[in-house]
Amino acid sequence: SSGINAEWPLRPGENDGYTLIKDVLINEFKMLLKGDDLDYSDIGILVKRTDTEIEQFIAKTLSSEGYDTNKISICTSYESFSSEWPAVIVLHEVRVGLLSWNLSELYLAISRARVKCSVVLYTRGKINYTGYIHELLDLLEPIAHVIRH
C-alpha cells in the first residue's frame with residue numbers, strides 16, 4: 001500500500017490539491033495495470049463516504065484517460081462489505097480525532113483487495129495533519145506494507 005498526504009479542495013478545481021489527487025489516482029491506476037494480468041474492470045475504487053462530487057471526480061478523471069467507467073466499480077468502503085477485487089485503490093479522507101474509526105474503515109477497504117491495494121490518504125482544508133497521518137500509518141504497518149511519501 002502507498003500513502004500520501006494531499007489536500008482535497010472543498011470544490012473540485014479550486015486549488016492544486018485536486019490536481020495532486022488526480023495525478024496520484026491516474027498513476028496508481030496505471031501502475032496496477034502495468035502487468036498483463038489485470039484488466040481495468042478488475043480494479044475497485046473505494047471512497048470513505050458517499051460523496052457524489054468525489055465519485056464524479058473519479059469517473060471524470062478515469063474517463064479522460066480513455067477508460068470505460070461503466071466497467072469500474074466505484075463505491076464507499078461500507079458498500080463493499082461482501083465484495084472483492086484483484087486490485088483496489090482506496091481514496092480515504094483522514095479526519096483528526098477519529099483514529100479508531102479511520103483505522104477500522106481503512107482495514108475494511110484494504111481487505112477488499114485480493115492481491116494489490118493502493119491507499120491514498122488525503123485531508124480537507126488547510127489544517128496540517130502530518131503528525132496524525134504518521135500515527136495512523138504506524139497503526140497500519142502491522143497489516144500493510146506502508147510507503148510514506
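Are F29 and Y67 buried or exposed? In this predicted model, F29 is buried, and Y67 is buried as well (buried: under 20% relative accessible area; exposed: over 50%; partly exposed in between; 1.4 Å probe, protein chains only). The model is a prediction in which local features need pLDDT of at least 70 and side-chain atom pairs count only at pLDDT 80 or more, while totals for chains, interfaces and linings use all residues. Residues are numbered from 1 along each chain as its sequence is written, and side-chain values use heavy atoms, with hydrogens and water left out.

One aromatic pair is found in a search of the whole structure. F29 and Y67 form this pair, which is edge-to-face, with 4.7 Å centre to centre and 65° between the planes (rings of Phe, Tyr and Trp, the last by its six-membered ring, pair if their centres lie within 6.5 Å; planes under 30 degrees apart count as stacked, over 60 as edge-to-face and the rest as tilted). The pair links distant parts of the chain, 38 residues apart: F29 lies in helix α1 (residues 16–32) and Y67 in the loop between α2 (52–64) and β4. Helices (H or I, at least four residues) and strands (E, at least two) are DSSP runs, numbered from the N terminus.

Strand β3 (residues 43–47) has five of its five residues buried, so it is largely enclosed by the rest of the structure. I43, I45 and V47 cover one side, and G44 and L46 the other. β3 runs parallel to strand β5 (residues 85–93), joined by five bridges; strands pair if DSSP finds at least two bridges between them. The bridge partner of I43 in β5 is A87. With strand β4 (residues 73–76), β3 pairs in the parallel sense over four bridges, and L46 stands opposite C75 in β4.
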